[in-house]
Amino acid sequence: MKDLSISVRGTTGRITLQRPDALNAMTYDMCLAIEAAFDAWRTDPAVTRIVLDAMGERAFCAGGDIAELYQTGLQGNYAYGQKFWADEYRLNAKIFEYPKPVISFLHGFTMGGGVGIGCHGSHRVVGETSQIAMPECGIGLVPDVGGSLILALAPGRLGEYLGTTGTRMTAADAILAGFADLFIPQADWPSLIAALEAGADTDVLDQAAKPPPAGHLAGDLDTINQHFGGETLGDILNSLRHSGGEFASATLDRMARNSPLSMACCVELLHRLRGPSLTMAKALDLEYRFTYRAMEHGDFLEGIRAAIIDKDRAPRWQFADQAVPSASVSKMLMPLGKEALKLGETQMTTRNIGFVGLGNMGAPMAINLAKAGHKVAGFDTADITAEGVHMVASAAEAAQDADVVISMLPNGDILRKVASEVLPAMQPGALFLDCSTVDVESARAVAEKATARGLLFVDAPVSGGIGGAAGGTLTFMAGGTAEGFEKARPLFDIMGQKAVHCGDAGAGQAAKICNNMILGATMIATCEAFALADKLGLDRQKMFDVVSTSSGYSWSMNAYCPAPGVGPESPADNDYLPGFAAELMLKDLGLSQQAAEAVDADTPMGALAQALYAQFVQQEDGRGKDFSAMLPRFAGRGRQT
Ligand code: NAD
């Protein structure tokens with residue numbers, strides 16, 4: 001193939017990109033040919049390592065060849081792009097987990113698709129001319145090709161900074177951020193490649209490495225962490241705009257060129273990835289959710305038009321930078337169900353799932369499991385239908401052939417009752433996964449009964465509300481054995497963005513009630529502070545601008561602001577319809593007080609929050625309202641009322 005040279009020299013497989021006039025941009029055919037070489041050499045004993053390099057002075061590989069994607073996308077053919085990205089990501093994953101050394105020599109520009117082939121191997125060599133970047137937000141995409149994995153692992157908030165600004169990294173910067181391993185002067189590269197081809201050990205690379213010339217990121221890291229630690233793109237922009245100074249203004253200039261929707265999704269994507277359950281498969285899966293939708297629902301076609309086709313550099317993005325609705329971010333990153341990225345090795349096995357309790361939360365969770373290809377048998381005492389779910393006549397029937405039974409029920413008494421019907425119907429080794437919020441005692445009692453029958457039990461209450469259930473972005477806090485947790489993990493990945501194994505049975509419920517005790521107290525504190533601010537004559541928007549980036553910030557303020565028309569859209573903007581109902585908050589605060597009493601813990605703030613929500617729900621007009629409706633309650637009162 002003219003754009004690539006693929007050969008075996010000694011025991012070294014060598015792949016050289018040779019499209020220098022196009023900065024070695026990767027075409028679809030190049031991607032498939034590289035994958036075929038990696039596949040062929042994987043088990044070939046005559047090849048012991050792979051060297052990747054490129055011709056020309058200016059670039060190792062400046063990205064994917066996107067002009068073709070644009071033409072097909074313009075004609076409404078989104079399938080071509082989706083297939084291109086899926087095949088490219090499969091190659092990126094193969095390079096990442098390749099069982100033999102993969103050595104890449106990254107001179108000049110290495111961007112986007114170039115990072116996907118050049119920055120996932122075992123020895124990533126940079127030199128004097130290296131400039132590495134993930135500039136995708138500039139064309140309406142998000143950092144992809146597995147780049148989000150590297151960004152999520154970069155120190156502090158460097159990932160958010162590099163992803164949203166597309167800043168170019170020098171050799172030292174790339175090593176700091178985790179995109180490269182070794183700085184070797186480029187004059188030494190030809191002789192090193194020749195030595196590798198003659199059979200030298202890869203140690204020659206370490207021996208040739210030198211300290212790189214200083215970069216700029218190390219000195220900026222504290223400032224970057226300070227500005228890029230916010231929850232959302234809006235928080236980051238607020239922080240930069242309020243600070244002034246050279247760094248902030250240069251950074252804002254760079255961000256002003258990029259798609260706000262892409263930047264907001266980039267921040268969200270990195271937050272979801274960061275943490276112990278991060279894998280390359282998870283990073284690529286999330287990236288693909290975005291790129292799959294990028295042409296139809298994102299800014300991709302407009303980004304390419306402005307940058308590459310018309311070259312007017314004046315893209316008309318869908319949203320202004322401070323006005324990207326959180327619903328639009330969630331929509332871009334929702335699970336793709338049957339269309340989800342498949343990487344071969346991580347192909348999912350279809351499971352028989354019984355689902356009991358398909359209310360506000362349970363129904364969307366069950367629908368997401370069915371969309372992902374699982375067979376779901378559902379049961380609810382109410383007359384409910386859910387797309388893709390086969391409804392049956394009893395909880396026992398839903399459990400009969402199930403590998404996993406999931407429940408999403410109102411309280412502990414109902415859980416115990418359902419468990420008494422379900423457990424006898426389950427096959428040994430199957431998993432009972434309860435996602436309801438219930439008391440710790442009930443969770444432990446059901447765990448004991450399940451274990452006695454040779455079944456696995458995990459309590460995994462959720463955070464994220466109805467939006468999270470529909471969008472597949474819930475956080476699960478799980479209690480139970482490691483075996484149970486591992487069995488549940490692929491299902492957590494479909495229904496949520498994060499699962500934390502908190503400890504033995506009951507630990508998930510313990511985490512949930514502690515979390516919600518904090519939530520109840522911070523929501524009350526936020527609401528009473530707004531009411532005080534009103535009486536002091538302070539504008540609510542100004543109050544939000546200050547607190548959301550100061551030490552009083554919290555989820556209640558930043559993500560679920562109780563003041564209508566302020567901050568991201570929340571139930572306050574919908575006449576305080578739930579959302580998360582005040583009576584459910586009261587239930588959770590009751591559970592935390594019950595638990596505190598059982599273990600003799602001193603929780604005065606929690607107790608006061610419970611008393612206030614009890615008064616609101618039982619004596620005032622709080623029932624049926626969102627728990628943030630505490631704001632109009634406080635606003636209408638004085639000290640004596
Ligand atoms: P919901 O009332 O909408 O759903 C509960 C469902 O269980 C109902 O459809 C009900 O008919 C069904 N049910 C009751 N008894 C049953 C039985 N014996 N057999 C089968 N089905 C039965 O409540 P929801 O909002 O979906 O909440 C479910 C759980 O999730 C609760 O424990 C809640 O605290 C928790 N939770 C809710 C939210 C939220 O925002 N709604 C957020 C996090 C956690």
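Guide: Start with the word helix: here it is a DSSP run of type H or I with at least four residues, numbered from the N terminus. Keep in mind that this model is predicted.

Visitor: What follows α15?

Guide: K311 follows α15, and its phi is positive, near 50 degrees.

Visitor: What makes residues 300–309 count as a helix, α15?

Guide: The span has 10 residues.

Visitor: Why is α15 called largely enclosed?

Guide: Count its buried residues: 8 of the 10, so the rest of the structure largely encloses α15. The eight run through F300, L301, E302, G303, I304, R305, A306 and A307.

Visitor: Which helices do the buried residues of α15 pack against?

Guide: Their partners are α2 (67–74), α3 (79–96) and α14 (280–297).

Visitor: How do you know whether R272 is buried or exposed?

Guide: Buried means under 20% relative accessible area. R272 has 3%, so R272 is buried. This arginine sits in helix α13, residues 260–273.

Visitor: What makes the link between R272 and E268 a polar contact?

Guide: The limit is 3.5 Å between N or O atoms. The side chains of R272 and E268 come to 2.8 Å, and they make a polar contact. Beyond its neighbours within four places in sequence, R272 is also in contact with K282, L286, R289, L333, T473 and Q497.

Visitor: Is G146 buried or exposed?

Guide: Its relative accessible area is 0%. That is under the 20% cut-off, so G146 is buried. G146 lies in the loop between β8 (131–133) and α5 (147–153).

Visitor: Which residues does G146 touch, not counting those up to four places away in sequence?

Guide: H120, M280, L284 and E287. Contact needs heavy atoms within 4.5 Å. E287 is 141 residues from G146 along the chain, yet their C-alpha atoms are separated by 7.8 Å.

Visitor: What is 2.9 Å from an oxygen atom of the ligand?

Guide: A polar backbone atom of N360. For T437, the backbone distance to a ligand oxygen is 3.0 Å. The protein covers 85% of the 830 Å² of accessible area that the ligand has on its own.

Visitor: Which residues does UniProt list for the "6-phosphogluconate dehydrogenase NADP-binding" domain?

Guide: The unreviewed UniProt entry gives 352–503. In the model, that span is 39% helix and 27% strand. For the "3-hydroxyisobutyrate dehydrogenase-like NAD-binding" domain, the UniProt record gives 506–631. That span is 60% helix and 0% strand.

Technical notes. Residues numbered from 1 in each chain as written. Predicted model: local features only at pLDDT ≥ 70, side-chain atom pairs only at ≥ 80, totals over all residues. Heavy atoms only, no water. UniProt positions renumbered as here; feature names shortened; annotations may be inferred. Helix = DSSP H or I, 4+ residues; strand = E, 2+ residues; numbered from the N terminus. Buried < 20%, exposed > 50% of the residue type's maximum accessible area, 1.4 Å probe, protein only. Polar contact = N/O pair within 3.5 Å; in protein donor to acceptor, adjacent residues only side chain to side chain. Areas by Shrake-Rupley, 256 points an atom, 1.4 Å probe, with all protein chains shown as cover.
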